[in-house]
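Subject: Structure handover

Hello,

Here is the structure for you to look over. My notes on what turned up follow below it.

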Amino acid sequence: MKGYAGFYYVYANDRVWECSLRGRFRVKKQDFIPGDRVLILEGAGDKATIEEVSERRNFLVRPNIANVDQAIVVSALTKPDPDYNLLDRLLVQIARAGIDILIVFTKVDLVAEPVYPTIEYYRQIGYKVLVVSNKTRQGIDQIKECLKERVSVLAGPSGSGKSSLLNSLDPLRERKTGEVSQKIGRGKHTTRHVELISVAGGLVADTPGFSSLYLPEMKREELQSYFREFEKYRGECRFKTCLHDKEPDCAVKNALQNNEILSSRYENYIQFLKEVIENERKY
Ligand SMILES: Nc1nc2c(ncn2[C@@H]2O[C@H](COP(=O)(O)OP(=O)(O)O)[C@@H](O)[C@H]2O)c(=O)[nH]1
Ligand SMILES: [Mg+2]
Ligand SMILES: [Zn+2]
């Protein structure tokens, strides 16, 4: 879950163990990050030693976390209004890292008409989208279902309700956090260091979210693969290498004209494409 002051806090059998490394352990301390799977040997009380670390399935750099099963991208429906450019940017970053995505819209209690065509569009193109309220608890149980036995990381702008969501998911969280904090001698829990907390039968990274808003380095042809709705038109453009930008007879642009593709999605794609091409020049 976290490393602090020479100890590693490991979640196993429904509790947190304060672990040290076995003397003969070959892996360097700095090789451990939250999310690493380890084998521990029980000691006295809540103490244990780390015997073995498993190979990572994946890892993120910012936040620094291993073996992430899913990223939960949080946006408020209002206050602040959804930022679809940021949402699409996060969707590209997360898909590129090979991590599953759950989209959550919060503050449904503040809006009169909860079903926006845009939200429905993200569902139609295959994303799992949940609409919730941290005030009325609408939709909270559905989120719980998605957390079970998985490692999740929260992403999304400040004010979108990420911390509130953690509290709605686990009202006892304050107490649990307190227990861990007591062990590490810190009164208040901070989000500066990445740490996993146990919520609804799963582990969730309590972090400010993805801190880099730059698109990852990639080839310009790769970007379109992260816009799932473009997939349908693959091979239908006149040019095999079509980037769906200025090329003639482009199936994606035709679909846009026919309102089969949401215009904000296409506009964001074109903006990201420019950024990706700009980045290519730097290397
Ligand atoms: N009405 C309403 N307010 C919410 C909801 N979720 C969060 N808030 C409020 O929105 C503000 C920002 O929430 P916070 O959880 O700190 O967002 P974070 O920056 O993403 O962690 C706080 O004042 C919350 O009380 C919600 O579902 N409904
Ligand atoms: Mg917060
Ligand atoms: Zn095209």
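The largest pocket in this predicted model has a volume of about 670 Å³. Its lining counts 28 residues. Met1, Pro34, Gly35, Asp36 and Leu196 are the ones nearest the pocket's centre.

Where does the largest pocket lie? Domain 1 (2-53) and domain 2 (59-205) both contribute lining residues, so the pocket sits between them.

Four strands each give the lining at least two residues: β1 (2-4), β2 (7-12), β4 (38-42) and β13 (202-205). The largest share is from β2, with 5 residues. Sorted by class, the lining holds 16 nonpolar residues, 6 polar ones and 6 charged ones.

Now the metal site. The zinc ion (ligand 3) has four protein donors: Cys237 (SG), Cys242 (SG), His244 (ND1) and Cys250 (SG). They lie 2.1 to 2.4 Å from the zinc ion. Along the chain, the donors follow the spacing C-x4-C-x1-H-x5-C.

What is the arrangement of the donors? The 4 donor atoms subtend angles of 103 to 114° around the zinc ion (ligand 3), so the arrangement is tetrahedral. The cut-off here is that all angles must lie between 85 and 135 degrees. For reference, the ideal angle for four tetrahedral donors is 109.5 degrees.

Best regards

Methods
Residues numbered from 1 in each chain as written. Chains lettered and ligands numbered in written order. Predicted model: local features only at pLDDT ≥ 70, side-chain atom pairs only at ≥ 80, totals over all residues. Heavy atoms only, no water. Donors = N, O, S within 2.8 Å, 3.2 Å for Na, K, Ca; no water. Tetrahedral: all angles 85-135°; square planar, octahedral: opposite > 155°, others 65-115°. 1 Å grid on protein atoms, 1.4 Å probe; cavity = no way out; pocket = protein on both sides within 12 Å on 5 of 7 lines; lining within 4 Å. Points joined across faces, edges and corners; volume = space filled by probe spheres on them. Nonpolar A, V, L, I, M, F, W, Y, C, P; charged D, E, K, R; others polar. Domains from an automatic or database assignment.
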